[in-house]
Amino acid sequence: MEAIFIEIYYKWGEIMDLTTIITLVGITGTISGIVFGYIGYKKGLQQDAYGEGVDTATLRSDTEYIKRRIDEILLEQKDTNKSINNLAERVTRVEESTKQAHKRIDKIEKEVSKNGDAVY
């Protein structure tokens with residue numbers, strides 16, 4: 001059997017055989033594969049960059065939230081410290097007042113026992 005050649009009329013008027021057509025299809029496929037591969041690669045890079053950007057933004061917002069909460073806690077701690085200091089001052093005054101009251105009571109008891117009155 002003889003080899004079969006397919007002849008196609010090419011736009012410049014040349015006649016191409018099957019091997020030339022297969023070669024052109026192979027070259028076209030290779031070039032389109034390279035182009036589409038590059039486009040896919042670039043798209044993948046963009047998606048990776050977007051994903052990293054989202055992760056970075058999330059970390060930054062979380063960090064900002066933590067900073068705000070720490071500032072709020074520090075303010076609350078300052079208020080609590082002021083309240084504790086105020087209470088400490090009040091307790092000191094009450095202790096002083098109690099001490100003076102005991103001195104007055106002791107003085108009254110001495111006067112009553114000198115006079116001979118019964119102390120209840």
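Arg-93 and Glu-89 lie 4 residues apart in helix H1, about one turn of the helix. Helices are DSSP runs of H or I with at least four residues, and strands are runs of E with at least two, numbered from the N terminus. This is a predicted model, in which local features need pLDDT of at least 70, side-chain atom pairs count only at pLDDT 80 or more, and totals for chains, interfaces and linings use all residues. Residues are numbered from 1 along each chain as its sequence is written, and side-chain values use heavy atoms, without hydrogens and water.

**Exercise 1.** State where confidence is lowest and where it is highest in the protein chain.

*Solution.* The pLDDT is the predictor's confidence in each residue, from 0 to 100. The chain averages 80, and 81% of the residues score at least 70. The lowest mean, 46, belongs to strand S1 (residues 8–9), and the highest, 87, to helix H1 (residues 18–115).

**Exercise 2.** Describe the salt bridge of Arg-93.

*Solution.* A salt bridge places a side-chain nitrogen of Lys or Arg within 4 Å of a carboxyl oxygen of Asp or Glu. The partner of Arg-93 is Glu-89, with the closest N and O atoms 3.7 Å apart. Glu-89 is partly exposed, at 44% relative accessibility; buried means under 20% relative accessible area, exposed over 50%, and partly exposed in between (1.4 Å probe, protein chains only).

**Exercise 3.** Describe the salt bridge between Arg-69 and Glu-72.

*Solution.* The closest N and O atoms are 2.3 Å apart. The two residues are 3 apart in helix H1, so about one helical turn separates Arg-69 from Glu-72. Arg-69 is partly exposed at 31%, and Glu-72 is partly exposed at 38%.
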